[in-house]
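Subject: Structure handover

Hello,

Here is the structure for your files. My notes on what turned up follow below it.

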Amino acid sequence: MKVMENDTIYYRRNMPHIQPGGATFFVTFRLAGSLPKEVVLRLKEEQSKNERLLYKVKDETERKKKINDQRKLYFGKFDEILDNATSVPCWLKDERIVAVVADAIRLHDKKEYDLLAYCIIPNHVHLVFTIRCDYVSSMRAEARATSTTSRYIVTDILRLIKGSTAREANKILNRTGAFWQHESYDRVVRDEKELNRIIWYTINNPVKAGLVKNAEDWKWSYYANVE
């Protein structure tokens, strides 16, 4: 695993996201309507307030560490609420739909990314992958050839997965409308220690959510041997 810091791409929705080519990412995306809007808004406001306070820390190293820890805490709260949500869409309980999502995730392995781990539970998905450098290079070559700016890597990958699976899932459910929540969570994995922690977190999410007693009993998860 390596992070190519001078190959950084940015995009912005509510907050800026860093997307270095060749980096490893931890991504979480969820079903549309899986959390009440007021809950999401409260969490975001709380997070913004806490980060504004931390930006006042003078020592740069300490400030970065505290902000990083705060963002981990924010995600932990967010994911815990998702794990315990019951009165919301749980379309990923349907094994026909879960199979569609798992197949889509694996379809892009060794193409856009190298797949390291994933877990699909009733209302959200955790995904860990390393963006392939050849994919980054092809994107940039295409951008140069068409005189356009480089596309956003993680956003593009999620669009491929979420677009195809949403269409198939809606057919199965005989419904229309948004299937996935538009915005997702992504985080650059900084080092091997963090990677191991995140893969453990991903694989054990069904246990934390009370779906199984042992991680190996969950059918819809996977992890690769990381060396």
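**An exposed lysine**

At 54% relative accessibility, Lys110 counts as exposed. The classes are these: buried is under 20% relative accessible area, exposed is over 50%, and partly exposed is in between, with a 1.4 Å probe and protein chains only. Lys110 sits in the loop between H3 and strand S4 (113-121). Its phi is positive, about 70 degrees, although Lys110 is not a glycine.

Before you read on, note that this is a predicted model: local features need pLDDT of at least 70, side-chain atom pairs count only at pLDDT 80 or more, and totals for chains, interfaces and linings use all residues. Residues are numbered from 1 along each chain as its sequence is written, and side-chain values use heavy atoms, with hydrogens and water left out.

Asn174 also has a positive phi, about 55 degrees, and is not a glycine. Asn174 lies in the loop between H5 and strand S6 (185-188). Its relative accessible area is 73%, so Asn174 is exposed.

**Overall layout**

The protein chain has six helices and seven strands. Helices (H or I, at least four residues) and strands (E, at least two) are DSSP runs, numbered from the N terminus. Along the sequence the pattern reads β-β-β-α-α-α-β-β-α-α-β-α-β. Of the 227 residues, 48% count as buried. Take the contacts in the chain with a separation of 6 or more: residues 24 or more positions apart account for 66% of them. Contact means heavy atoms within 4.5 Å.

**Helix pairs**

Axes are lines fitted to C-alpha atoms, for helices over the stretch in contact; angles run from 0 to 180 degrees between N-to-C directions. Angles under 35 degrees count as roughly parallel, over 145 as roughly antiparallel, 65 to 115 as roughly perpendicular, and the rest as oblique.

*H1 and H2.* The axes of helix H1 (residues 37-54) and H2 come within 10 Å and cross at roughly 170 degrees. H1 and H2 are therefore roughly antiparallel. Among the contact residues are Val39, Leu43 and Leu54 of H1 and Ile67, Tyr74 and Phe78 of H2. The contact of H1 with H2 divides into seven nonpolar, three polar and eight charged residues. Ala, Val, Leu, Ile, Met, Phe, Trp, Tyr, Cys and Pro count as nonpolar, Asp, Glu, Lys and Arg as charged, and the others, Gly among them, as polar.

*H2 and H6.* What angle do the axes of helix H2 (residues 60-84) and H6 make where they cross? The angle is roughly 20 degrees, and the axes come within 12 Å. H2 and H6 are therefore roughly parallel. On the H2 side, the contact is made by Lys72, Phe75, Asp79, Glu80 and Asp83. On the H6 side are Glu194, Arg197, Tyr201, Asn205 and Lys208. By class, the contact of H2 with H6 has two nonpolar, one polar and seven charged residues.

*H3 and H5.* The axes of helix H3 (residues 95-107) and helix H5 (residues 153-173) cross at roughly 160 degrees and come within 9 Å. H3 and H5 are therefore roughly antiparallel. Residues that meet include Ile97, Val100 and Ala104 in H3 and Ile161, Ala169 and Ile172 in H5. By class, the contact of H3 with H5 has nine nonpolar, two polar and two charged residues.

**Aromatic pairs**

There are 11 aromatic pairs in the structure. Rings of Phe, Tyr and Trp (its six-membered ring) pair if their centres lie within 6.5 Å; planes under 30 degrees apart count as stacked, over 60 as edge-to-face and the rest as tilted.

Phe26 and Tyr201 are edge-to-face, 6.3 Å centre to centre, with 80 degrees between the planes. Phe26 is in strand S3 (residues 24-30) and Tyr201 in helix H6 (residues 192-208), so the pair ties together parts 175 residues apart in sequence. Phe26 and Tyr201 are buried.

Tyr113 and Phe129 are stacked, at 4.7 Å centre to centre and 20 degrees between the planes. Tyr113 lies in strand S4 and Phe129 in strand S5 (residues 124-131), so this pair ties together parts 16 residues apart in sequence. Tyr113 and Phe129 are buried.

Phe26, Phe75, Tyr185 and Tyr201 form one aromatic cluster.

Best wishes
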